[in-house]
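Please read them alongside the model.

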Amino acid sequence: DRGGLRTGPQFHPGEFFAFIGLHLLAYSPLIFGALAACLGWAWKKAGPHFKPRFLLAFTLPLFILYFALSFKQTGEANWTAPATISLVVLAVPFWLELTRERKWARHYAIAALALGALWSMIVIDTDLLRRAGLPLSYVKPADPSARLRGWQTTTAQLQKVREKYEAENGKPVFLIADN
């Protein structure tokens with residue numbers, strides 16, 4: 001359903017580019033570029049070496065599937081997260097090798113990691129942008145961390161309801177939720 005497979009064949013290149021854009025936003029453009037760059041290297045190494053081949057077996061199927069589906073309907077960037085884990089493991093030796101050989105790669109790696117750190121801080125705490133004077137709405141999609149907010153207030157209110165229920169019925173209540 002999320003991949004839009006309930007409808008007939010469709011081809012929307014804009015959806016594909018939106019999916020790539022989501023990945024650029026989720027990982028930062030430089031880090032996603034660094035991860036994508038290592039795929040060609042890993043493909044060459046995969047022939048004679050087991051380890052890159054093994055890691056590519058966890059990376060390529062998911063990436064190919066979701067990027068192919070994105071020509072039909074934009075997905076979520078987190079759909080490829082399991083594939084990214086092995087891709088990051090692949091990227092480490094690639095970038096270590098490249099940074100030893102090329103000066104520009106060292107500068108790129110430092111810039112990518114610095115931008116990634118800054119990017120992470122902003123995505124995790126969008127109040128940093130608000131404190132800097134940017135008028136950012138607290139609702140999604142303007143605030144990517146909107147789903148992370150409000151749980152403390154909700155939990156406090158739910159605890160009051162729970163305590164009242166337990167006092168009235170004399171039984172403990174176990175609560176679980178998915179959202």
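1. Axes here are lines fitted to C-alpha atoms, for helices over the stretch in contact, and angles run from 0 to 180 degrees between N-to-C directions. Helices are DSSP runs (H or I, at least four residues), numbered from the N terminus. The model is predicted: local features need pLDDT of at least 70, side-chain atom pairs count only at pLDDT 80 or more, and totals for chains, interfaces and linings use all residues. Residues are numbered from 1 along each chain as its sequence is written, and side-chain values use heavy atoms, without hydrogens and water.

2. The axes of α2 and α3 come within 10 Å, crossing at roughly 125°.

3. On the α2 side, Phe32, Leu39, Ala42, Trp43, Lys45 and Ala46 meet Pro52, Arg53, Leu56, Thr59, Leu60 and Phe67 of α3 (contact means heavy atoms within 4.5 Å).

4. Helix α5 (residues 103–124) packs on α4 at about 130°, with the axes 5 Å apart. α4 and α5 are therefore oblique to each other. Trp95, Leu98, Thr99, Arg100 and Glu101 of α4 make this contact with Lys103, Trp104, Ala105, Arg106, Tyr108 and Ala109 of α5.

5. Leu90 touches Cys38, Trp41, Ala42, Pro52, Leu55, Leu56 and Thr59, leaving aside residues up to four places away in sequence.

Notes
Helix = DSSP H or I, 4+ residues; strand = E, 2+ residues; numbered from the N terminus. Parallel < 35°, antiparallel > 145°, perpendicular 65-115°, else oblique.
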